[in-house]
Amino acid sequence: MNALTLPDVAAQAARQALPLEWVGMCGIALPVFIEGQRLAAKADAGVSLDDGDARGIHMSRLYLGLETLEQQNLSPALLRRVLQRFLDSHEDLSDAAYLNIHTDLLLRRPALVSPLAGWKTYPVTVSARLKNKVFHVELKIDVAYSSTCPCSAALARQLIQQQFVDDFANKPLQHADVLAWLGSTQGIVATPHSQRSTAQLHLHLDEFIDELPLTSIINDAEAALGTAVQTAVKRADEQAFALANGQNLMFCEDAARRLNLALRRSPGVSEFHVRVIHAESLHAHDAVAESHWRREQP
Ligand SMILES: Nc1nc2c(ncn2[C@@H]2O[C@H](COP(=O)(O)OP(=O)(O)OP(=O)(O)O)[C@@H](O)[C@H]2O)c(=O)[nH]1
């Protein structure tokens, strides 16, 4: 056996005494359980280094502190336990502990009309912090949806009206002729442009919340928008999607306002910031709107 002890550089004094706000590891691969599903995740784990004289933190203790995340459903209570373990393993060094978990939530979504269903991924980040015994959790969720430009729709309708005037001027209107005209590209001469769009939701949760309201927030956001992107699609579903788009024409401002009004009613949410991005098909750039809300303190 080697009688030499292993050198421990972290235990040495720092060359330049200075506290640090965050020290840790980013991008640690691990499985997590969310709503009963085992998902591949990446974790960022860190603590503050308040003892400015200490050379370093103990990375391995943070790494090992993540172990319980593999076995139990991700909940605020579990996150708090992990953060407390970070602090307990860094007594006299750290006052604050941080954990981000990045994953893709997989939800099975039904088709609009047909009995089909399929999977959709929602990029999610769960961020937790424990500082001076105050625990804080935030969620970031991306929700994809379709937006049809209301201006483009109005301009297209005007062209269709103009075409109607041209095609039926000075002619007695026959029901069958009008019906055929309505079903032709010669009659419906223009269509509005739509784009795949993303709502980036950043939510602060109440301190004593029991569960992470991931699915309910996604459901609230998709219901508010009315045009969530679909999974398995037959023609009947596509037609229902066309109707949903026609009945939910949206500028990015409309989408941001809809989300704001819906999310402020979501239980357990104390504050949020919404950013919607319409990846325009009219332009080569995006249309973007942001909105913020914070519950008033009683
Ligand atoms: N603090 C720190 N450690 C690092 C860094 N990069 C790699 N490490 C390594 O992380 C490893 C684990 O550190 P510790 O947790 O202190 O390991 P240990 O001293 O064997 O474990 P304990 O006995 O629990 O303190 C060490 O081998 C460090 O060299 C860094 O930038 N900072």
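Me: Where does Glu35 lie in the chain?

Reply: This is a predicted model, in which residues are numbered from 1 along each chain as its sequence is written, local features need pLDDT of at least 70, side-chain atom pairs count only at pLDDT 80 or more, and totals for chains, interfaces and linings use all residues. Side-chain values use heavy atoms, with hydrogens and water left out. Helices (H or I, at least four residues) and strands (E, at least two) are DSSP runs numbered from the N terminus, and on this basis Glu35 is placed in the loop between S1 and S2.

Me: What value does phi of Glu35 take?

Reply: Strand S1 (residues 20–34) and strand S2 (residues 37–49) pair in the antiparallel sense over eleven bridges, two strands being paired if DSSP finds at least two bridges between them. The hairpin that S1 and S2 make has two residues between the strands. Glu35 is a residue other than glycine, and yet its phi is positive, near 45 degrees.

Me: At what relative accessibility does Glu35 stand?

Reply: A residue is called buried under 20% relative accessible area, exposed over 50% and partly exposed in between, with a 1.4 Å probe and protein chains only. Glu35 counts as partly exposed because its relative accessibility is 42%.

Me: Which residue in S2 is the bridge partner of Pro31?

Reply: The two strands S1 and S2 run antiparallel where they pair. Across that pairing, Pro31 has a bridge partner in S2, and the partner is Ala40.

Me: Does Asp92 count as buried or exposed?

Reply: Asp92 sits in the loop between helix H2 (76–88) and strand S3 (96–110). Its phi is positive, near 70 degrees, although the residue is other than glycine. With a relative accessibility of 72%, Asp92 counts as exposed.

Me: How many bridges join S6 to strand S7?

Reply: Strand S5 (residues 134–148) and strand S6 (residues 194–205) run antiparallel and are joined by eleven bridges, with Lys140 standing opposite His202 in S6. S6 also runs antiparallel to strand S7 (residues 269–278), and there Ser197 has His278 as its bridge partner. The number of bridges that join S6 to S7 is nine.

Me: How many aromatic pairs does a search of the whole structure find?

Reply: A pair of aromatic rings is described by the distance of the centres and the angle of the planes. Rings of Phe, Tyr and Trp (its six-membered ring) pair if their centres lie within 6.5 Å, and planes under 30 degrees apart count as stacked, over 60 as edge-to-face and the rest as tilted. Searched in this way, the whole structure has aromatic pairs to the number of four.

Me: Which residue lies over the face of Phe168?

Reply: Ring pairs link Phe164, Phe168 and Trp181 into a cluster. A charge sits over a ring if NZ of Lys or CZ of Arg is within 6 Å of the ring centre and within 35 degrees of the ring normal. At 5.4 Å from the ring centre of Phe168, the residue over its face is Lys171.

Me: Which residues does Asn245 touch, not counting residues up to four places away in sequence?

Reply: Asn245 lies in helix H6 (residues 235–247) and counts as buried, at 7% relative accessibility. With contact taken as heavy atoms within 4.5 Å, and residues up to four places away in sequence left out, Asn245 touches Ser146, Ser147, Thr148 and Thr227.
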